[in-house]
Amino acid sequence: MPTPPYPRTASAPFEQDPAAPPRTGPGYRPLTEVVLLALRSDGRVALVRRAGCPDQGQLALVGGRLEPAEWLDEAACRQASHALGIQVDVQDIELSGLLHYRSEQGAGRLCTIFATQHWSGEPRNAAPLKHSEVVWADPGGPPADCRPLPLTHAVLNQYVAGTLYGALAMPAAG
């Protein structure tokens, strides 16, 4: 991924254009999640097994929420460090897709998917309070015990298909 031609700062506040008409409502504000697919040379992807509730024992993607004032690519690298103990440079990741989905409660979510085969360090369970192990899985045939099942499978299927955008309505909780 090329470096943007403009400087980025994590502390730059968002300012609304004073010439723009005032907003009449909050607008659409989905939760943004970031996933990094760490791929070995054999094509297998790192998943982490949840150690605690919710979804104890289930496999999950390496990723999480975008933090305030954080760039998407930086979040993907941070998630890899926190979950797998590997160091990934933003130049070594590739935008692989965007998945727009609705959670079990109907709330809008955006999942930005990045992939990489380049990192330093040996992937390991770097968050033993959150995860019990790292599992290398075939993204074209993910295990049935993924969390949440439709989302994890949708992300992996979208990656394997090379589809840049997908939409998913999660089944209602219950």
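This is a predicted model: local features need pLDDT of at least 70, side-chain atom pairs count only at pLDDT 80 or more; totals for chains, interfaces and linings use all residues.

Colleague: What's the secondary structure of the protein?

Modeller: There are 2 helices and 8 strands, in the order β-β-β-β-α-β-β-β-α-β along the sequence. Those are DSSP runs numbered from the N terminus, helices being H or I with at least four residues and strands E with at least two.

Colleague: And how much of the protein counts as buried?

Modeller: Of its 174 residues, 37% do. Buried means under 20% relative accessible area, exposed over 50%, and partly exposed in between, with a 1.4 Å probe and protein chains only.

Colleague: Switching to charges, how many salt bridges does the structure hold?

Modeller: It has 4, where a salt bridge is a side-chain nitrogen of Lys or Arg within 4 Å of a carboxyl oxygen of Asp or Glu. Arg49, Glu133 and Asp145 are linked in a network of them.

Colleague: How does Glu133 meet Arg49?

Modeller: Through their side chains, at 2.7 Å from N to O. Glu133 is in strand β7 and Arg49 in strand β2, 84 residues apart, so the pair links distant parts of the chain.

Colleague: Is Arg49 buried or exposed?

Modeller: Arg49 is buried, at 17% relative accessible area. Its two partners are partly exposed, Glu133 with 34% and Asp145 with 26%.

Colleague: What does Glu70 pair with?

Modeller: Glu70 meets Arg78 in a salt bridge, 2.6 Å from N to O. Glu70 is buried too, with a relative accessible area of 17%.

Colleague: New topic: how much space lies in the largest pocket?

Modeller: About 790 Å³. On a 1 Å grid over the protein atoms alone, a pocket is an open set of points where a 1.4 Å probe fits, with protein on both sides within 12 Å along at least five of seven lines, and lining residues have an atom within 4 Å of a point.

Colleague: Which residues lie nearest its centre?

Modeller: Glu33, Arg50, Gly63, Gly64 and Arg147, out of 32 lining residues. The elements giving two or more residues to that lining are β1 (31-38), β2 (45-50), β4 (63-65), α1 (72-84), β6 (108-116) and α2 (149-161).

Colleague: Where's Ala69, by the way?

Modeller: In the loop between β4 and α1. Ala69 has a positive phi of about 65° although it isn't a glycine, and it is partly exposed, at 49% relative accessible area.

Colleague: Last one: which residues make the nonpolar surface patch?

Modeller: Leu98, Leu164 and Tyr165, over about 300 Å². Patch residues have over 30% relative accessible area and no salt bridge, with like charges joined within 9 Å and nonpolar side chains (Val, Leu, Ile, Met, Phe, Trp, Tyr) within 5 Å. Leu98 is in strand β5, residues 94-102.

Definitions and conventions. Residues are numbered from 1 along each chain as its sequence is written. Side-chain values use heavy atoms; hydrogens and water are left out. Accessible areas come from the Shrake-Rupley method with a 1.4 Å probe; for residues, only the protein chains shown count as cover. Grid points are joined across faces, edges and corners, and a volume is the space filled by probe spheres set on the points.
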